[in-house]
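Please look over the sequence and the model shown below. The paragraphs after it take the reader through a few places in turn.

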Amino acid sequence: MALSDEPAAGGPEEEAEDETLAFGAALEAFGESAETRALLGRLREVHGGGPEREVALERFRVIMDKYQEQPHLLDPHLEWMMNLLLDIVQDQTSPASLVHLAFKFLYIITKVRGYKTFLRLFPHEVADVEPVLDLVTIQNPKDHEAWETRYMLLLWLSVTCLIPFDFSRLDGNLLTQPGQTRMSIMDRILQIAESYLIVSDKARDAAAVLVSRFITRPDVKQSKMAEFLDWSLCNLARSSFQTMQGVITMDGTLQALAQIFKHGKREDCLPYAATVLRCLDGCRLPESNQTLLRKLGVKLVQRLGLTFLKPKVAAWRYQRGCRSLAANLQLLTQGQSEQKPLILTEDDDEDDDVPEGVERVIEQLLVGLKDKDTVVRWSAAKGIGRMAGRLPRALADDVVGSVLDCFSFQETDKAWHGGCLALAELGRRGLLLPSRLVDVVAVILKALTYDEKRGACSVGTNVRDAACYVCWAFARAYEPQELKPFVTAISSALVIAAVFDRDINCRRAASGTFPHGIDILTTADYFAVGNRSNCFLVISVFIAGFPEYTQPMIDHLVTMKINHWDGYPPRRGHLGAGRVQHTAASAVHMYTPSPALSALSLAVFPRLLSMTLSPDLHTRHGSILACAEVAYALYKLAAQENRPVTDHLDEQAVQGLKQIHQQVCVQPLGVGLGGQLMRQAVCVLIEKLSLSKMPFRGDTVIDGWQWLINDTLRHLHLISSHSRQQMKDAAVSALAALCSEYYMKEPGEADPAIQEELITQYLAELRNPEEMTRCGFSLALGALPGFLLKGRLQQVLTGLRAVTHTSPEDVSFAESRRDGLKAIARICQTVGVKAGAPDEAVCRENVSQIYCALLGCMDDYTTDSRGDVGTWVRKAAMTSLMDLTLLLARSQPELIEAHICERIMCCVAQQASEKIDRFRAHAASVFLTLLHFDSPPIPHVPHRGELEKLFPRSDVASVNWSAPSQAFPRITQLLGLPTYRYHVLLGLVVSLGGLTESTIRHSTQSLFEYMKGIQSDPQALGSFSGTLLQIFEDNLLNERVSVPLLKTLDHVLTHGCFDIFTTEEDHPFAVKLLALCKKEIKNSKDIQKLLSGIAVFCGMVQFPGDVRRQALLQLCLLLCHRFPLIRKTTASQVYETLLTYSDVVGADVLDEVVTVLSDTAWDAELAVVREQRNRLCDLLGVPRPQLVPQPGAC
């Protein structure tokens, strides 16, 4: 179970699953055995360095990392891998680089499998002690490239320390020469261990393991333990955790002490425990900001505490069954119940005095439970469990009481988390007696819903996760009869956490075992609870069908989620509440008498209505949303029986709903968060009450609702941008429901006065100078029901067409144009198609005007600081065109004229070949929908047969049109169809001249592939070139198209796509292209355009005749451009061009020309540059440009 340390601050609605879960426990054996053996066998060949060594090392890492989750699969292979590597190490002829490489491989294995398992395989005979010791001695602790060698050698040395012989027997005669004495092996090992305890690399950890094995030996502890402990305590006293070296020293020393007190015998360590504890108190480790030091401090403290207490199994502990599964099964087959030892009130050791240091140890562990880091709290919790297992029953119960003190609302979330971990440890070890379960379950139920706001986020995720762990531990620690009184409360809390918790890891942790567990878990499994919306709106509805969970879930939503500070999605509880209430009411109605149904609704509504007057903004917001959803859920329940909703709501509840918008203080928009939240909530309330057919027809509350909707739409510009769309949608939905229910005088007939007032007011607002106001009222007109549009359709469509029209004063109003298009399409869907009724429905008289407005927006390429905002307009236009065309095709296809259909398909094809991925995918979807629609087929689609072959219906779902690699090869095939060529080529030109590397690459490749296919067809190539020139002419001085077009021309000229034209002197294509390029760059100051123009002129040098001379003349003019960058670039590209096309300049002057181009400083003064330029003109045979005097010059 994952225990997260940091609180989560509310993730996105759709949370991604861990991809690693798909691979967990998927391997069955070590499948790379042969490859690994070959890899280890080649080490002697690759050790010298270079890429081969790195490749071998990286490949071995990749192989081993696959088994991080299942390292036990390596166990059968560890021995031969170690033997192969140790053979290299023990070979005296192995160079140092090979030895270091072997130890790197050993370290990688150790990292995956863990040193404790791997350690036992090292050779540890008496003969191995001195060779390993010598190897360690010759290592350089400052060699940062060989730290793996030192780490593994220290671990190896720690194993050799376990030989059952006195080290003094290995020393021999220490007196080598008179006056000189060799160090004993014991002293050498201790010296090495002490030196490596204060290094900054991984060897420090191995040195701590070495010390614990060495110091606790029988022959060493008598002479060296006191000395080493004294050295360690002095190091701790001298070191400070505020310096880096101090942290390193304290880390190594604390690790060594913790290992000694863990592995040493109690009688050997007890004399020193009190002294070490006093020294540890003086270090003030809880004040350190180093997590590792605080963790080691807690670890050492608990080991000291265990040293103070005699090792024993508490006779009073609670034990469930036997530890052996086989024994339990045997008891069951014999018909016997599980045996439980008696819980003793006293044991033989109750009279033993508890050492004085124990109290200090437990106090420090309790402080550790409140540490800011999870690893420290987890270590402290394990220490609490271990200590309590050796304490008398009364003192252990006091410890439990102290742990329960962590669950105070004066404590931080860290204390709650640590307390949960400690309770889980105590319960798991049987140290939490059943008599304490009443108190413990009470705090765990609180912990399961712990959620505290801190600034802009909340804390408590780790607390709720740990509380789920406690429930897991208790389920396995206690007999069913012990937990039976608490099952209902715990299971309800876990179900609530599984479906309503705001964090994914908590929902998954809570999805455990509870009543109806199999039924629930098949729906609320590990993956299903990963989606928050699915939990709130689907799974919760299913679980609410079980009676024992219905009321707790409703209570939780009302008390905890509806008033949550995070409006999305926790206050989605209003949706959950409504649907749970609906399901609960349905269940009660089916299985109980009708009065129970009324009682359920009456129990919830008064609470929600009272909460709408709460001073807390979030509570008011959530309760209003909940009232709306619950009322609508009850309406749907009543509608199943053809009864009004008032049968399930008493008069007081109906009046309370009607008065909400009057009683709640709705602040003006723009005045803080309150105005936005409350208006949105009241708009949702208006919508749901209208859909619920509340009996408010003719009531003044309708006028109040209408005013609120109008005021909200009128002041949308005052709302923050991230909430604006949500507010707009809520107001428009509320208006649609309100009008449909309360403004119909007779079936299909509107109240004339209301219709006149509403339509006139909304059309006037379409001319408002605020863009957002236009957006709101455009969508409002689009949402009006058909009876309100009857007789006023032409007037409304005229007003909306004006909104979609681009004028100089509102050119930046892209959003209003987008919403105007959406409104037109929605109105067409609302009124339908009817012949001869232009003021009531779509017909021949008005369809051409509608199409004209929609098609006119397909050329909206408005840009501002947000980028290509015209994209919104074009996308809405495409969608609207598709909806209208399909509507006409279903009812009156004869209204779709041939030229209209052709224009639609061509415009959409152009958008499907442009550069924005998601927009291109949408355009392709529209294009294929129109092409493949067959009920009935869209009439007059140009080249339908060819299109169906190019885009078969079977490929629609498999092609990813947002991927350039898949889209462009397909869309360029339309260049072969004359009707589509112009528009598709226009879109491709924009894509090819874009900025995105993948788009440029794939669009260029696709265009070249097409042109390669038509090289042998002069007519097709002529048509293509003519279309290209037409695009250039139509978009002359249009920066959006002309600059990408110049880049496209550069590409096609450079790649020889028009080589066939170079055989004819002054080909018409080249002549016209040259003229257009001259017009495009004339007087231009756009650097990108000029640079692209230079490239095109250089490409046109390949055309013989006057075109070449004119192109060279233009390049000579650019050599004296006012911008130095242009001059330098022109010289560079002309130089490359002359070398590429050898026939441009005669061989006799070529050397001189290239010398002038390369040697001249073209960024120098114009007077100097002009002289060299004129010299070039003479050499190239083009006339020298003449200075034209400026008008008005003297």
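Where is the place of L1037? L1037 is found in the loop between α48 (1018-1034) and α49 (1039-1054); helices here are DSSP runs (H or I, at least four residues), numbered from the N terminus. This is a predicted model, in which local features need pLDDT of at least 70, side-chain atom pairs count only at pLDDT 80 or more, and totals for chains, interfaces and linings use all residues. Residues are numbered from 1 along each chain as its sequence is written, and side-chain values use heavy atoms, with hydrogens and water left out.

L1037 is not a glycine, yet its phi is positive, near 65°. The residue is exposed, with a relative accessible area of 54%; exposed means over 50%, buried under 20%, and partly exposed in between (1.4 Å probe, protein chains only). A positive phi in a residue other than glycine is also found at N642, near 55°. N642 lies in the loop between α30 (617-639) and α31 (651-663) and is exposed, with a relative accessible area of 75%.

Another loop holds a cis peptide bond. The bond joins S935 and P936, with omega about -10°, and P936 sits between α43 (917-932) and α44 (944-950).

The largest nonpolar core has 205 residues, and L657, F927, L974, Y980, F1024 and F1058 touch the most other members. Such a core is a set of buried Ala, Val, Leu, Ile, Met, Phe, Trp, Tyr and Cys residues joined through side-chain atoms within 4.5 Å. At least three of its residues come from each of domain 2 (596-666 + 673-693 + 701-746) and domain 3 (748-802 + 812-892), with bounds taken from an automatic or database domain assignment. Apart from this core lies another, of 162 residues, including L233, F308, V443 and A493.

Which residues does L974 contact, leaving aside its neighbours within four places in sequence? They are A909, F927, L947, L950, F951, Y980, R981 and V984, where contact means heavy atoms within 4.5 Å.

The last stop is helix α50 (residues 1068-1081). Its 14 residues reach 20 Å from the first C-alpha to the last, close to the 20 Å expected at 1.5 Å a residue; the expected span is 1.5 Å times one less than the number of residues. Buried in α50 are F1069, A1070, L1073, L1074, L1076, C1077, E1080 and I1081. An α-helix has 3.6 residues a turn, so residues three or four places apart point the same way. The cover over the buried residues of α50 includes α48, α49, α51 (1087-1100) and α52 (1106-1118). Just after α50, N1083 has a positive phi of about 60°.

Methods:
Helix = DSSP H or I, 4+ residues; strand = E, 2+ residues; numbered from the N terminus.
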